[in-house]
Amino acid sequence: MGAARLYQRRLLLLLLAWALCFAGGLRSAQRRWPVPYRRFDYRPKTDPYCQARYTFCPTGSAIPLMKEKDVIEVYRLQAPVWEFKYGDLLGHLKIMHDAVGFRSSLTGKNYTMEWYELFQLGNCTFPHLRPGMDAPFWCNQGAACFYEGIDDAHWKENGTLVLVTTVSGTMFNEMAKWVKYDNETGIYYETWTVQASPDKQSVVWFDSYECSKFILRTYQKLADLGAVFNKIQTNYTSIILFSGEPIYLGNETSIFGPLGNKTLAAAIRDFYYPFKPHQTIREFFVDLLKIIDRVILDHQFYLFYNLEYWFLPMKSPYLKIIYEEVPLPNGSKTSFGL
């Protein structure tokens, strides 16, 4: 790297750091870690620009009303991400997808419920830079999917299909009401967990909001209703970024609007550019080098969370995929009615 280019980069980083500190100071009194996930009053319509390679919830159906006297078996389902296409490839990296299964004792019917991206993981994690639009464009909605049947081969071959509890038909129906609320108010997929260090006691700046978190919320709701869970080990995947204290930057309007910060807007667009969908192998490796340069050498990452942008001062080990145990919730046998 030439001396002139190095000087220009340092000057830009100095100016950007000053702008970030100023912007962050405006919200310092409002900071709360982890930043609470924002819920919404309704789910907006998706833009036709957002397209999925694989259709979201192709055989989805409404959650049925169970009879009160029914006994519903609840199953933990887990398989490698994109197992249907790549088999156990991502399972070796412990990148797993989670779901929950149900079986009605009265009807013998099986059901699967899961929560995932409407337009695949890449669109939820990184935006599109569309011509003629200053702000990055996001296709990052996620939602619950419920459908009849459990694909035993899919979950068993490379993953998990195990009974975790049984609930009454009444409890199942109450859970269904909660799923409707949760699905209508928690609408955006958040890929990253962001924390200060790999230490388990470290500060978590942002928590992810993805498939495993939906399953954990579902289990907790069933426990609140009185379900008693079996004592088995349950592990889940998290993709973690490591950062110093995040700096709040603003929303789309305050950054990219007519009165926005053009220097900051350009820096965010420049950061996201290498994450675009790649057309050739050469482009992929060129952009990969740019990503390494920004994230590891320059310690920069721009996070989009709750429709707002944050600057993450990245630090070692930068990124880690963990497969960590999260115990099943405790329930009360008395409230379950046993």
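**Figure 1. Aromatic pairs in the predicted model.** Across the whole structure, a search finds 30 aromatic pairs, where rings of Phe, Tyr and Trp (its six-membered ring) pair if their centres lie within 6.5 Å, and planes under 30 degrees apart count as stacked, over 60 as edge-to-face and the rest as tilted. This is a predicted model, in which local features need pLDDT of at least 70 and side-chain atom pairs count only at pLDDT 80 or more, while totals for chains, interfaces and linings use all residues. Residues are numbered from 1 along each chain as its sequence is written, and side-chain values use heavy atoms, with hydrogens and water left out.

**Figure 2. The edge-to-face pair of tyrosine 54 and tryptophan 82.** The ring centres are 5.4 Å apart, with 85° between the planes. Tyrosine 54 is in the loop between helix H1 (3–26) and strand S1 (71–80), and tryptophan 82 is in the loop between S1 and helix H2 (83–86), 28 residues apart. Helices (H or I, at least four residues) and strands (E, at least two) are DSSP runs, numbered from the N terminus. Tyrosine 54 is partly exposed at 28% relative accessibility, and tryptophan 82 is partly exposed at 25%; buried means under 20% relative accessible area, exposed over 50%, partly exposed in between (1.4 Å probe, protein chains only).

**Figure 3. The stacked pair of tryptophan 138 and phenylalanine 304.** Centre to centre the distance is 4.4 Å, with 10° between the planes. Tryptophan 138 lies in the loop between helix H3 (120–125) and strand S4 (142–148), and phenylalanine 304 lies in strand S10 (residues 300–305), so the pair ties together parts that are 166 residues apart in sequence. Tryptophan 138 and phenylalanine 304 are buried. Both belong to a cluster linked by ring pairs, whose members include Phe271, Tyr272 and Tyr309.

**Figure 4. Helix H8 (residues 262–272) and its buried residues.** Leu264, Ala265, Ala267, Ile268, Phe271 and Tyr272 are buried. Down the axis of H8, these buried residues fall within an arc of 160°, so they line one face of the helix; the arc is that of the directions from the helix axis to the C-beta atoms.

**Figure 5. Strand S9 (residues 247–251) beside strand S11 (residues 308–325).** Of the 5 residues of S9, 4 are buried, so the strand is largely enclosed by the rest of the structure. S9 and S11 pair in the antiparallel sense over 4 bridges; two strands pair if DSSP finds at least two bridges between them. Glycine 250 stands opposite tyrosine 309 in S11.
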